[in-house]
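The following report describes a structural model for computational work.

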Amino acid sequence: MTARVTQRRANALEHRDMSSDASERQASVAQHPREPASAAEEAAFSAAFAEFLRAYPTYATTSKLDELRASEYWRLEERGHVYLDYTGGGVHADSQVRRHMEMVRASVFGNPHSTNPTSAFATALVERARARVYEFFNASPEEYAVIFTANATHALKLVGEAYRFESGDQFLLTFDNHNSVNGIREFDRVRGARTSYVPVLPPSMRVDEATLNVFLGMAHQAGHNLFAYPAQSNFSGVQHPLEWIERAQQRGWDVLLDAAAFVPTNRLDLARWHPDFVALSFYKMFGYPTGVGALIARWSALAKLRRPWFAGGTISVVSVQADQHHLAHGAAAFEDGTIDYINIPAVEIGLDYLDSVGMDLIHERVRCHAGWIIDRLLAMRHANGLPVVRLYGPRSGRMRGGTVTMNFHDARGQVIDHAIIEQRATDRMISLRTGCFCNPGAGEIALGLSRDEIVTCFGTAGGHMEYEDFRRCIDGKSTGAVRVSVGIATNFADVHAFLSFASGFRE
Ligand SMILES: Cc1ncc(COP(=O)(O)O)c(C=O)c1O
C-alpha cells in the first residue's frame, strides 16, 4: 500500500473535528483532479484528461459539477475516497444536510395525523414535500397518488401484497430485476397466479422486442396482469424502453416500473409516461435522507388493490366490537403507522437541490464518465492481446446509464475472483460493489449459469444455503461480478483512479 493510500485510509477512519469553517475546507480542496502522487502520475492524468475531453467535448459544459464537488462534496477528498457506488446509494451535498438541520433545530415537530399545532406543522411540511414530488416528476395529482414509503422495496411490497392475483392471473417480469421485484412472485404464487420471466440477451443484456411482444400477448383477458421491469438495470446499466409501458397497458397489463436506478440521473416525466406504479428510493437520488422512498401510483391502479391489513394511520373508521374498518382515502391508506415526518421534509430539500444543479447536466456528466470507463476498459489488454475485463451490458452510450459491470480476467483468460478485486479496491479506498447486486436473473444470464446447474446446487443444500456454499458448488465459473457506478459527484479523478486500478491487473 502506498503512503498516500495509507494516509487516505487513516483520514477515512479518523473522526476529526468537522466543525471548522466549510469555506476554509473548500479552499483547501482541489477543484477537480485529485492530487497525483508523482510527476509521472500527474503527467498520465493530464494526458488522459486531455484525451477524454477530445472524446467527450460536451464534458466541458458540466464544469459546474466540479465546482459543486469542491463546495458540496469536499469530504470525498478530505476523507480520501474514490466513491463509485452511486447505484448502491447517492452522495448527499453538504447544503442539503445544513438546510435540513437548520429546519430541524429551529422547529418543534409533532406526530402528524392530528390538528394540534406541532402536528399540523409536521403535516404541512410532509404535504409540501409530497407536492414537490408531484412537481419534480411532473405528475398530475388528478392522475397519481404519491405515497411515502421507507424505500423502493417497501413501495414494491405494497403493490405485491395488495395486487389482486387470483388463479389464472399473470405476473410477468424481466430476468433483469432487483430481488425486491422478484420477491413479488411469492405473493402471486400462493394465490395461484403464474410468474413468467422475459429473458435478457447477452452481451447487451437487453430484451428482444419480438419475444417481449409474445409474452405481453399472454395477458389473462378477464383477470389481473402485472408486468414489472426496471427503467434502468442495477446490474448492467441498460435502460429498458419506457415505450413498453403503453404497449403493455394496451394488451391488458398493469405496469410496475422500478425506477430506483433510473431517477438519480434521468428525468422521469409522468406527464409523458403513465406507468401504473412507480417505485423509488430518495437516498439513491440525492444521498440524504435514507429511509424514505415513494410509491407513485395511478389512482385507477390503486383502486384495484386490496390491502391485506390495516394499521395506525391507514383507516378512517375501525371498530373492535363490530370487527369492521374503512380505509382512509388517498395516500394515507398505504402509509402504515407514523411516517418519517422529520426526514420527509428533507426530500423537498433534496429535490430542490437536484433541480438547482439540473438533471440534464447530471445526465450528461454521467454519460461522459460512463462512456470513458467503457472505452478504456474495452481497450485494456494483457501483453498477449487478451482482454483484461469482460463487460456485461451495452458497450455504447445509447439507452444506458452510469452503471458498468464486468469481471476481470488474467492473461490465461481465467476470471479473477470478484472478492479479490473488491479487497484490492478497498486497499485503494475505492468503493465499488461486487456480487450479483440483488439481481440474480441478470447475473445468471451474464455469467452463463444454466438453470440445471443452479437447480443442482440448490439441491445439494441440506437445509439452509449460504452464498459461499453456492459459490463452491458453481465451481469454475464466477458467481458474481464487479460493478462501478458514477453519479452526481463523480469527477474525472475518480474515473481515472478506477481505470489506473484496473490497468494494474494487466500482465
Ligand atoms: C433497480 C433497483 N430496484 C430496487 C432497489 C431496492 O432499493 P431499496 O434497497 O432502496 O429498497 C434497488 C437498490 O439497489 C435497485 O437498484
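## Nonpolar cores

The largest nonpolar core comprises 123 residues, and Leu268, Leu377, Phe408 and Phe498 are those with the most contacts inside it. A nonpolar core here is a set of buried Ala, Val, Leu, Ile, Met, Phe, Trp, Tyr and Cys residues joined through side-chain atoms within 4.5 Å. Buried means under 20% relative accessible area, exposed over 50%, and partly exposed in between, with a 1.4 Å probe and protein chains only. Helix α16 (residues 359-379) gives the most to this core, with nine residues. Helices (H or I, at least four residues) and strands (E, at least two) are DSSP runs, numbered from the N terminus.

Leu377 touches Val389, Leu391, Val404, Met406, Phe498, Leu499 and Ala502, with residues up to four places away in sequence not counted; contact means heavy atoms within 4.5 Å. Another core, of 27 residues, lies apart from the largest one and has Val181, Phe277, Ala297 and Leu302 among its members. In soluble globular proteins, nonpolar side chains tend to be buried together.

## Basis of the model

The model is predicted: local features need pLDDT of at least 70 and side-chain atom pairs count only at pLDDT 80 or more, while totals for chains, interfaces and linings use all residues. Residues are numbered from 1 along each chain as its sequence is written, and side-chain values use heavy atoms, with hydrogens and water left out.

## The seven-stranded sheet

Seven strands form an open sheet with mixed pairing, in the order β2-β8-β7-β6-β5-β3-β4; two strands pair if DSSP finds at least two bridges between them. Strands β2 (144-149) and β4 (194-198) stand at the edges with a single partner strand each, so one side of each has no neighbour in the sheet. On average, neighbouring strands of this sheet are turned by 15° against each other, direction ignored. Helix α11 (residues 209-216) lies across β3 (170-174), β4 and β5, and runs at about 170° to β4. Axes are lines fitted to C-alpha atoms, for helices over the stretch in contact, and angles run from 0 to 180 degrees between N-to-C directions.

Strand β5 (residues 225-230) runs parallel to β6 (residues 254-258) and is joined to it by five bridges. Tyr229 stands opposite Leu257 in β6, and Leu226 has Asp254 as its bridge partner there. Four bridges join β3 to β5, also in parallel, with Leu173 opposite Ala228. Six of the six residues of β5 are buried: Asn225, Phe227 and Tyr229 point one way, and Leu226, Ala228 and Pro230 the other. In a regular strand the side chains alternate between the two faces of the sheet.

## Ligand surroundings

Residues around the ligand include Thr87, Asn151, Ala152, His178, Asp258, Ser281, Tyr283 and Lys284, where near means that a heavy atom lies within 4 Å. A nitrogen atom of the ligand is 2.5 Å from a side-chain N or O atom of Asp258. An oxygen atom of the ligand is 2.7 Å from an N or O atom in the side chain of Lys284. A backbone N or O atom of Ala152 lies 3.3 Å from a ligand oxygen atom.

## Thr405

Thr405 is located in strand β12 (residues 403-408) and counts as buried because its relative accessibility is 0%. Beyond its neighbours within four places in sequence, Thr405 is in contact with residues including Phe235, Arg390, Phe437 and Arg483. A polar atom of the Thr405 side chain lies 2.4 Å from the backbone oxygen of Phe235.

Definitions and conventions:
A polar contact is a pair of N or O atoms within 3.5 Å; within protein, one must be able to donate a hydrogen and the other to accept it, and residues adjacent in sequence count only if both atoms are side-chain atoms.
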